[in-house]
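Subject: Structure handover, salt bridges

Hello,

Here is the structure for your files. My notes on the charged side chains follow below it.

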Amino acid sequence: FREQPIFSTRAHVFQIDPNTKKNWVPTSKHAVTVSYFYDSTRNVYRIISLDGSKAIINSTITPNMTFTKTSQKFGQWADSRANTVYGLGFSSEHHLSKFAEKFQEFKEAARLAKEKSQEKMELTSTPSQESAGGDIQSPLTPESINGTDDERVMPEVTQNSEPRAEPTQNALPFTHSSTISKHWEAELATLKGNNAKLTAALLESTANVKQWKQQLAAYQEEAERLHKRVTELECVSSQANAVHTHKTELNQTIQELESTLKKKEEEIEGLKQEIDNARELQAQRDSLTQKLQEVEIRNKDLEGQLSDLEQRLEKSQNEQEAFRNNLKTLLEILDGKIFELTELRDNLAKLIECS
């Protein structure tokens, strides 16, 4: 319980393909919870994500890490300890920006914690002496060197609970003082050796990340087994009513969320269908618009032909009218000629009768 979540969000988790080092491989079928955890004992920040009982992200934040936004909804960072690159796909740009801000914040906190740890190690590696007759710190003991992994990461040196008595002028001659100085020089060398051992232990703990991952998987399996055992005990325990009620409420909440999610997925499918229908209607509209344009062009051609025919008809009518007028004129002339011939015939007939 020393490690507590301090920020959580939901995202799709990816890892870089170890073979190609280019393609992303999804490690979760759907969006999962990704959380920042803080270990107050070791002053360590980690990014953890679980898909069921499987840990798909277990990354310790170090000062040399960098979180990069590769798009509006996707970001990535490299973990040299896990020898991989993690990628997160978010539902919005706001969630990505918030996660990146937290990453930078906890990265800076990890850097400050590392600097404080180094300063503390430097202070503990050099014995302090207030004065010639003052209290003197005791060297590191083997128990402090061969402690747990957590103690190796943050080593501490404690002072002797009983300070040594101050030497008197008559009891310590000059030669004995030189012997004490050599003794403390030897202890200083011992402390430097212990510091080197602590550094090696720190490097060793860093190299044991994979073993810690296996231990984490084992702890998760044990937690799942204990969870099943607790469920069995809840069935037979009379004091488990409140827990059972809370569990029932959580199950109902989960069912409601699953139902809501299912409805949202159905709505998304309906929207996709409407989009497809709209695209089909748009295609039909474009086809009809093109046909209408062709019909309008053809109509304009027909109107031009009709106008040409009307002009030709009018011209023909004018020519026919002129022809009729000419015929009428010829008929009038012909009638005059016929009348003159008739008068001439009549005159000739009269002359013949008179002769």
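Are Arg42 and Asp39 buried or exposed? Arg42 is buried, and Asp39 is buried too; buried stands for under 20% relative accessible area, exposed for over 50%, and partly exposed for what lies in between (1.4 Å probe, protein chains only). Their side chains form a salt bridge, N to O at 3.1 Å. The term salt bridge is used here for a side-chain nitrogen of Lys or Arg within 4 Å of a carboxyl oxygen of Asp or Glu.

Before the rest, two points on reading the values. This is a predicted model, in which local features need pLDDT of at least 70 and side-chain atom pairs count only at pLDDT 80 or more, while totals for chains, interfaces and linings use all residues. Residues are numbered from 1 along each chain as its sequence is written, and side-chain values use heavy atoms, with hydrogens and water left out.

Searching the whole structure gives five salt bridges. One of them joins Lys102 to Glu105 at 3.8 Å, N to O. Both residues belong to helix α1 (residues 93–125), where they sit three residues apart, about one turn of the helix; helices are DSSP runs of H or I with at least four residues, numbered from the N terminus. Lys102 counts as buried because its relative accessibility is 19%, and Glu105 counts as partly exposed because its value is 45%.

Another salt bridge pairs Asp346 with Arg345 at 3.9 Å, N to O. Asp346, at 34% relative accessibility, is partly exposed, whereas Arg345, at 58%, is exposed.

Finally, Glu108, Arg111 and Glu115 are connected in a salt-bridge network.

Regards

Conventions
Helix = DSSP H or I, 4+ residues; strand = E, 2+ residues; numbered from the N terminus.
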